[in-house]
Amino acid sequence: MEGTDNNDTTLVLSCQSWVCHGYVGNKCAVFGLQTLGVEVDSISTVQFSNHTGYPVFKGQIMNGDQLEEIMEGLKQNKLDKYSHLLTGYINSPSTLRSIMKIVHHLKSINPNLSYFCDPVMGDEGKLYVSSDLIAIYKEEVIPFADFLFPNQMEAEMLTGIKIESFDNVKQVIDKLHQMGVSNVIITSSFFEKNDQILIVGSSKLRGSQEKAKQFTIRVPKYDRYFTGTGDLLASLVLGWHSILSKDHPNAVSLSCEKSINSLHAVLKRTMNLNSSELKLIQSRKDIETPPALFFAQEI
């Protein structure tokens, strides 16, 4: 099944960082969604020369008032009816709170809007943003998110639970469901101390007493660090879920499975070409038609 089968009612608003050179934030997300045939509008929370992992980066940071001004233009032209909202890197409390004003407005226009939140805060022990954002995500964002994509470090910060075993992963997921989010995808965990990355997904309707539907996917661990992988993954899961959710009861796990396979192909090509940036353009066919190497296993 190819991404171009998406229907015309899907329109995504993606609020993330933008870089002139390379692939992170909206530079990943917009390409991934459009490759799957999904219409997407984008707002840049920052506009930088390159991602912040380089020795130098220059550019501008969008503050909350500027973000709301762009949204006001969309409102006045009646261009604010979206089916999905995707958020990623947000660097300040004021900007995150302005994003939440957008969330509430968009859900008032379309109560069925799905909010996909990648709470980009840090990775591998390094915090990218102000620690003030942690409480805002916990108290003001997660209760309104429909999908959440934390990595292991972010999941630990959001729940206060250290992940040292699979039981800890389940405790983290249970707590995030209790905080209000229906679908949780732990995008990477490394507690198993082997040559694999473990991805864990869980779905449970808000307020439901039923057991969550959960799955795992294991992929090889590469001996290098990539930027933009989480941004690409969240956008592909959104895109595939918008395509599959009407016909597939296991749309969440299948969307993750397809997205992980595409991401693996991108990383493999990036390594083979010895590139410091994701090779998205060269991997567009793997995004449209994902390989079938890794499969979701129901827990």
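Two strands count as paired if DSSP finds at least two bridges between them; strands (E, at least two residues) and helices (H or I, at least four) are DSSP runs, numbered from the N terminus. The model is predicted: local features need pLDDT of at least 70, side-chain atom pairs count only at pLDDT 80 or more, and totals for chains, interfaces and linings use all residues. Residues are numbered from 1 along each chain as its sequence is written, and side-chain values use heavy atoms, with hydrogens and water left out.

Next, select β1 (residues 11-19) and β4 (residues 84-87), which run parallel and are joined by four bridges. C15 has T87 of β4 as its bridge partner.

Finally, select α1 (residues 26-35) and α7 (residues 229-244), which pack at about 30° with their axes 8 Å apart. Axes are lines fitted to C-alpha atoms, for helices over the stretch in contact, and angles run from 0 to 180 degrees between N-to-C directions. The two helices are therefore roughly parallel, a term for angles under 35 degrees. From α1, C28, A29, G32 and L33 make the contact, and from α7, D231, L232, S235, L236, L238 and G239.

Note on methods. Angles under 35 degrees count as roughly parallel, over 145 as roughly antiparallel, 65 to 115 as roughly perpendicular and the rest as oblique. Contact means heavy atoms within 4.5 Å.
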